[in-house]
Amino acid sequence: MTSRLAQRLVRRQRLQRAVLGGLGGLLLVFLALPVLGLLAGTSWADFCAGLAHPLVWPALRLSLLTTLVSLVVTVVLGTPLSWTLAQAERRWARAAETLVQLPIVIPPAVAGIALLLAFGRRGIFAGWLYPAGWSVTFTTAAVVLAQIFVSAPFFVQAAVSAFRRIEPNLLIVARTLGASPWRVFLRVALPLASPGLAAGAILSWARALGEFGATLMFAGNLEGRTQTLPLAIYTALEADLRVAQSLSIVLIVVAVVLLLGVRAALGAAPSRAAAASRAVAPPSGAR
Amino acid sequence: MVPPLLHARVTGRIGTLALGFELELSAGPLAVVGPNGAGKTSLLLMLLGVLEPESGSIELGERVLFDSARGVNVPVEGRELGYVPQDYALFPQLSVRGNIEFALRCRAGLTPQDVEQRTAQVLAELKLTALAERRVTALSGGEKQRVALARALSVRPRALLLDEPLAAFDVTARRQTRAFLAEYLSKLALPTIVVTHDAADARALGARLLVLEAGRIVQTGSWSELQANPASAFVAEFVR
């Protein structure tokens, strides 16, 4: 190869890197700026003053309580659903999987309307659900239902793929050894999928913590009863911007911690590729 | 103890492959050989009960494991067949001892003392006692294979199925492990099926060979019988 040709190739490679890197960098900056703006625009004094506002603690307490309950319900019911979907090969399972993913793509406001029409005072099940006239709408329970509706799909999606990543031979061998289907699920599938389940649980919790639209429509914005952190931010925006800023920073810090948690959980997951490479690890003679 | 007779005559469909075979074996390993995609692993999975045949029957000693005519289909966990897959499928979250204890705890009626005693026994039998507390992910290929064998045999299966037991080894280690496995399997006195695509492995491990091509048995017999009278171009090339 002539040196001139080599130089041209090197130049072309540099140009390609500069163009693609520049385009990608634009997006990166755009994504980072709002977070920086929030942090830079809030002084320590503002932050403390904001947190001292009477809106803050009830909202924080309510958010923690409701997301904890919705997380427990999601994991307890979502794990069996995910295992069933991961094991089933029939067409109904594919359809069910798509159905479960639907809340991820439908707008939260639409989710709120849908919840109202299903479980509201005038919803299709009202006569059966509320013979005494009481209804779940505008209660703390409605907050939990809205959170489960929008966040459970994230858990189920992660859990199904965690269960699918389990080497099928591990499940087959367990059964040839005499393990009942229960034992295979509890002692083989669950431990092996646990990093993926943990990551899914964190993602789903983060989504529940940020839930706004469906909660507002289905549960309302009642201080102490249905006003979670995002709703408190919305309310504070009209009264005292510092409160909104402080709460936003709290949520961002929580989000970053959760994101690191997801990465740590997935980093601990033994990937199939790694497992395969271990299977062909150097044999004893080569040691 | 007289080893039970494993007898299977089944047909079935796996994807686009129509698989049909009849085999009968007592003690002494049978090597199932054939080109890629011939249905070798599917044959094992049908015997294990993972894949369901369309018709036919599978019997092990006096037990009927599958019989399409009578609607019998014993689930995988009730078949008492030991299985060592190609990747060994050791439970990665458990130690060597944990893998074997897992197997023994699946068996009803064993006290903790039984489990402990039997674990120690199989560990010693396969020279794994020194490795008992190791995580299986930290083992060499040969060690993994011995753990997989120990785990499969710990529950006293009535037949043993091995899928490509030597595929993960390089040339040098393969020779040693082949010799170990050939000796070990011949002493077991269990109906044993070894799936392999390698001629040297088949010759060393199998007292008899069964050649599968495109889901059908094209020939069965000893190495020298196949050599004397190969039934297909693949067989002729394989035993050359």
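**Figure 1. Both faces of strand β8 of chain B are covered.** In this predicted model, A159(B), L161(B) and D163(B) on one side and L160(B) and L162(B) on the other are all buried (20 or more other C-beta atoms, placed from the backbone, within 10 Å of a residue's own). Because 5 of the 5 residues of β8(B) are buried, the strand is largely enclosed by the rest of the structure. Strands are DSSP runs of E of at least two residues, and helices are runs of H or I of at least four, numbered from the N terminus. In a regular strand the side chains alternate between the two faces of the sheet.

Local features need pLDDT of at least 70 and side-chain atom pairs 80 or more, while totals for chains, interfaces and linings use all residues. Residues are numbered from 1 along each chain as its sequence is written, and chains are lettered from A and ligands numbered from 1 in the order in which they are written.

**Figure 2. β8(B) pairs with β7(B) and with β9(B).** Pairing requires at least two DSSP bridges between two strands. β7(B) and β8(B) are parallel, with 4 bridges; here V84(B) stands opposite L162(B). β8(B) and β9(B) are also parallel over 4 bridges, and L160(B) has T192(B) as its bridge partner.

**Figure 3. An open sheet of 6 strands lies in chain B.** The order is β7-β8-β9-β3-β10-β11, with mixed pairing. At the edges, β7 (81-84) and β11 (216-221) each pair on one side only.

Conventions:
Buried ≥ 20, exposed ≤ 12 C-beta atoms within 10 Å, placed from the backbone.
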